[in-house]
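Dear colleague,

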Amino acid sequence: MNKIYKEYFEGAIPAIFIAPYAEEIGECKIEYVNPSLIRLFGRDIKGECIIEPEYWINQEMRGIYLDMLKDKGEVDGMDAELRRGDGSAFWCRLYSRYISIEDKLWLQGTLFDITKEKVAEKMRSLFESGIEHDWKNYITGIRLYSNLLERGENLNREQREFIKGIINGVDDLSRGMEEKLEFSKAYYGSVSLNKRAYNLYDLIFETALKFFNIAEREGKKITIDGINLNIFEHKNKKAIANFDYYFFNKIMNNLINNGLKYANEIDITVLQGEDYYTIAVRDNGEGMDSEDGAGIFTLGYRAKNRKSGSTGIGLPYSKLIVDAHGGKIWVESEIGKGSKFYITLPTN
């Protein structure tokens, strides 16, 4: 090991091991360990193999680590739960790659201790589950009793309006809480996608149809490929891609709902690329400047023309879900010329 690398190796904050290359990874015995690795494992593991089953809490993850080294020659950040010398468990983010030192090939592994991060993630998950359970129970109770009050025979018009206001408020609270909890799960990467092959036109038509009556009452128009919904034959249109129907329904719901707040006309089109589809949602609203166009997908950003009652979560949430699908979302807009939101979605 040359002098410069040795100084870096021994003083590095991450835990690092180095083992000489071997045809079979199981024969790759660790030759160098830095002080951080000794502290992390609670003992010196020099002369041993990192892939030994005794180190791995989850043997399936051990298999994934092996396969990645064999297939790709590297492991670029894998979260794994490992075991210390005293039997206690810890979480690490593991990177491994082959490096050349003094004309010899070595396997280098770098481990970052993420135990606190994983514990915090688990506590947050438990906290969110408790909140979701509690608020659903409370809201269900309030709505139930409000519905019973609404059935009263001796209520005057004003009293009925008050009760209706309570019911509407409870429904708004329920939707808001659900939106925030779902965003939190997506933000911390705990959303589990159930991707299957669906027709994008079915999704778009179903979502747009929910807003059709509201739009007509307000003198607004929603079209797909420039065709009114009441004559659009979505069954004759095909754009098959693999995606989670539930989450993409929420994205389309958010884009159409936002469009109706700011515009009188919305048109949704689907364009096919070589290995992806592009969904475009165009409106004829007031548009936005480049600063807002760049910021609206960021949590906490407040657009200059944000309508009252908006949480500002919808577009950042949509970006997280689109990213999780391997796609992209962005907007093209100018003041006074409306906005056009784009989503790319891989076909498989």
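This is a predicted model: local features need pLDDT of at least 70, side-chain atom pairs count only at pLDDT 80 or more; totals for chains, interfaces and linings use all residues.

Salt bridges

Side chains of opposite charge can pair when their charged atoms come close. How many salt bridges does a search of the whole structure find? The search finds nine, and three of these pairs are described here.

Arginine 93 forms a salt bridge with aspartate 79, in which the closest N and O atoms are 2.7 Å apart. Because arginine 93 belongs to strand β4 and aspartate 79 to strand β3 (residues 74–83), the pair ties together parts that are 14 residues apart in sequence. Arginine 93 is partly exposed, with a relative accessible area of 23%, and aspartate 79 also counts as partly exposed, at 23% relative accessibility.

In helix α10 (residues 314–324), lysine 319 and aspartate 323 are four residues apart, so about one helical turn separates them. Their side chains meet in a salt bridge with an N to O distance of 2.8 Å. Lysine 319 is partly exposed at 31%, and aspartate 323 is partly exposed at 36%. Elsewhere, salt bridges that share partners join Asp79, Arg93, Glu117 and Lys118 into one network.

A further salt bridge runs between arginine 43 and glutamate 54, whose closest N and O atoms are 3.9 Å apart. Both residues sit in the loop between α2 (35–41) and α3 (59–72), eleven residues apart. Arginine 43 is partly exposed at 29% relative accessibility, as is glutamate 54 at 47%.

Is serine 96 buried or exposed? Since buried means under 20% relative accessible area, serine 96 counts as buried with its 2% relative accessibility. Serine 96 is part of strand β4 (residues 89–101), and its side chain is joined to that of tyrosine 65 by a polar contact of 2.7 Å. Leaving aside residues up to four places away in sequence, serine 96 touches several others, including Phe17, Leu69, Val75 and Leu107.

At the surface, Leu144, Tyr145 and Leu148 form a nonpolar patch, with about 340 Å² of accessible area together. Tyrosine 145 belongs to helix α4 (residues 115–150) and counts as exposed, at 57% relative accessibility.

Finally, aspartate 225, in the loop between β7 (221–224) and β8 (227–228), has a phi near 55°, which is a positive value in a residue other than glycine. Aspartate 225 counts as partly exposed at 25% relative accessibility.

Conventions
Residues are numbered from 1 along each chain as its sequence is written. Side-chain values use heavy atoms; hydrogens and water are left out. Patches are made of residues with over 30% relative accessible area and no salt bridge: like charges are joined within 9 Å, nonpolar side chains (Val, Leu, Ile, Met, Phe, Trp, Tyr) within 5 Å. Accessible areas come from the Shrake-Rupley method with a 1.4 Å probe; for residues, only the protein chains shown count as cover. A salt bridge is a side-chain nitrogen of Lys or Arg within 4 Å of a carboxyl oxygen of Asp or Glu. Helices (H or I, at least four residues) and strands (E, at least two) are DSSP runs, numbered from the N terminus. Buried means under 20% relative accessible area, exposed over 50%, partly exposed in between (1.4 Å probe, protein chains only). A polar contact is a pair of N or O atoms within 3.5 Å; within protein, one must be able to donate a hydrogen and the other to accept it, and residues adjacent in sequence count only if both atoms are side-chain atoms. Contact means heavy atoms within 4.5 Å.
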